[in-house]
Amino acid sequence: MGIFHRVLVVWIMVSVFVHESSNVEGRTHFHKKQKNKSSNKDEGSPVSDPPTDSPVSDPSPSPVFPPPVPSDPSPNPDDPGTSSSEPCVFDVTSFGAVGDGETDDTPAFMEAWKAACAVESGIVLAPADHEFMMTSTIFSGPCKPGLVFQIDGVLMPPNGPDCWPKSDSRKQWLVFYRLDQMTFTGSGTIEGNGGDWWELPCKPHRGPNGSTLPGPCDSPALIRFFMSSNLVVSSLRIQNSPQFHMKFDGCEGVLIEKLSISSPKLSPNTDGIHVENTKSVGIYDSQIANGDDCISIGRGCSDVNIEGVTCGPSHGISIGSLGVQNSQACVSNITARNVFIKDSDNGVRIKTWQGGTGSVSGISFENIQMENVRNCIIIDQYYCLSKACRNQTSAVYLTDVSYRNIKGTYDVRSPPIHFACSDTVACTNITMSEVELLPAEGELVDDPFCWNAYGNQETLTIPPITCLQDGMPESLKERTTSYRC
């Protein structure tokens with residue numbers, strides 16, 4: 001009986017030991033199956049189950065699984081390979097967008113925006129092969145950094161003023177407000193449906209017998225960025241806006257590149273890109289054809305760089321208009337280089353109203369090619385939209401403006417160089433170098449116009465410009481600092 005008792009005790013102990021060994025092997029298997037943060041899905045990974053024939057009584061400690069292997073991510077947290085996060089894509093069709101060009105998809109876009117706004121590097125996606133219609137909308141921040149609004153299909157507003165909801169603003173369509181580190185991009189098209197807006201009788205020459213009728217004439221800007229920073233706008237096609245195609249107001253740190261902006265030559269007030277109260281802007285490698293300024297730079301702008309842009313037909317690249325209704329305007333450090341302007345009413349232009357204050361300084365136009373352009377180089381300090389503007393003595397002060405390597409052909413209906421500076425506040429330090437402008441057809445117009453314009457010619461110009469005065473006018477020698485911003 002004692003022998004039987006001892007055998008029974010031994011049998012129970014062996015059973016318990018085997019059971020515990022089985023649990024250890026199960027735990028090892030669980031650790032191996034933890035999700036690997038590496039993006040490599042190598043089926044031949046050297047991490048494997050422990051051999052099943054290992055003696056369970058081995059007193060050596062069990063290894064920690066998985067052991068370090070070359071395919072594992074580095075334990076260094078600064079190594080980008082340790083990150084497994086991927087951008088979260090919020091497809092608007094998953095939020096109920098139909099994309100048939102008629103259904104109002106605004107609620108779906110707003111829901112997708114809220115979801116993307118709440119995560120880092122979120123993407124609002126309007127997919128290809130759809131036409132999405134939205135009413136006037138404000139996309140507000142702040143949002144998590146890295147937000148992307150990606151248009152791969154077609155996005156458009158209601159078709160004309162008759163279809164515009166009465167409760168919606170008629171001054172703007174899409175507004176992006178209080179955002180930081182946002183990208184607006186895609187392979188798609190933003191269609192403005194501007195045709196019916198352009199034909200309103202209050203538009204220039206659209207009334208009976210070519211008249212312009214009085215009355216409210218609000219038309220929406222297509223896209224507006226307001227009080228935002230560190231923005232990227234790229235690769236989109238934007239066309240047929242009711243008014244301005246794209247506006248930036250109160251922004252800082254803007255990169256615009258590889259855009260195609262287009263509307264008909266006679267579409268009124270359809271500026272391509274307008275910046276105002278905005279600093280540190282780069283506009284690169286884009287094509288713009290429209291019915292107004294290709295790029296317009298308003299008050300409060302500084303450090304704007306334009307390069308590799310093709311304009312035309314258009315009204316060229318404009319600084320202004322500035323100083324309207326006796327306001328102050330401060331613009332500085334604006335550069336346009338390696339630009340091609342064709343079939344346009346103006347080339348490079350600075351325009352100010354009488355009665356304004358402030359200054360425009362540090363302006364450089366360089367390596368500009370013109371083709372059949374009226375008013376290739378123009379400063380107009382008597383800008384007025386009617387004949388009712390009265391003469392005023394104060395003016396925005398223009399200084400340090402350079403024109404270098406400006407070449408091409410001009411439309412002979414206007415002189416290619418026109419400097420109309422204020423009677424009381426002269427333009428100063430205008431520099432001309434390698435300016436060669438020839439008539440696109442007809443005879444050479446050899447009478448550039450200057451009024452109260454001071455500067456110097458580093459090289460002879462074509463046509464010759466003899467009206468630019470040397471030095472500094474006596475009236476400004478001791479007062480230039482009072483005009484600067």
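Predicted model: local features only at pLDDT ≥ 70, side-chain atom pairs only at ≥ 80, totals over all residues.
**The bonded pairs**

A disulfide is a covalent bond between the sulfur atoms of two cysteines. Searching the whole structure turns up seven disulfides. Three of them are described here, with their sulfur distances listed below, including the pair Cys202 and Cys217.

| Pair | S to S distance |
|---|---|
| Cys202 and Cys217 | 1.9 Å |
| Cys330 and Cys485 | 1.9 Å |
| Cys450 and Cys467 | 2.0 Å |

**Cys202 and Cys217**

With 75 degrees about the S-S bond, the link between Cys202 and Cys217 comes out right-handed. Both ends, 15 residues apart, sit in the loop between helix 3 (195–198) and strand 11 (221–226). Cys202 has a relative accessible area of 14%, so Cys202 counts as buried.

**Cys330 and Cys485**

What is the handedness of the disulfide between Cys330 and Cys485? The torsion about the S-S bond is about -95 degrees, so this disulfide is left-handed. Cys330 belongs to strand 24 (residues 328–342), while Cys485 lies in the segment after helix 4 (480–483), so the pair ties together parts that are 155 residues apart in sequence. As for accessibility, Cys330 is partly exposed at 25%, whereas Cys485 is exposed at 54%.

**Cys450 and Cys467**

For Cys450 and Cys467, the torsion about the S-S bond is about 50 degrees, so the disulfide is right-handed. Cys450 is found in strand 31 (residues 449–451), and Cys467 is 17 residues apart from it, in the loop between strand 32 (453–457) and helix 4. Cys450 is buried, at 13% relative accessibility, and Cys467 is partly exposed, at 25%.

**Two further cysteines**

Is Cys251 buried or exposed? Cys251 has 4% relative accessibility, so Cys251 counts as buried. Cys163, on the other hand, has a relative accessible area of 48% and is partly exposed. That label follows because exposed means over 50%.

Terms used. Residues numbered from 1 in each chain as written. Heavy atoms only, no water. Disulfide = S-S within 2.5 Å. Helix = DSSP H or I, 4+ residues; strand = E, 2+ residues; numbered from the N terminus. Buried < 20%, exposed > 50% of the residue type's maximum accessible area, 1.4 Å probe, protein only.
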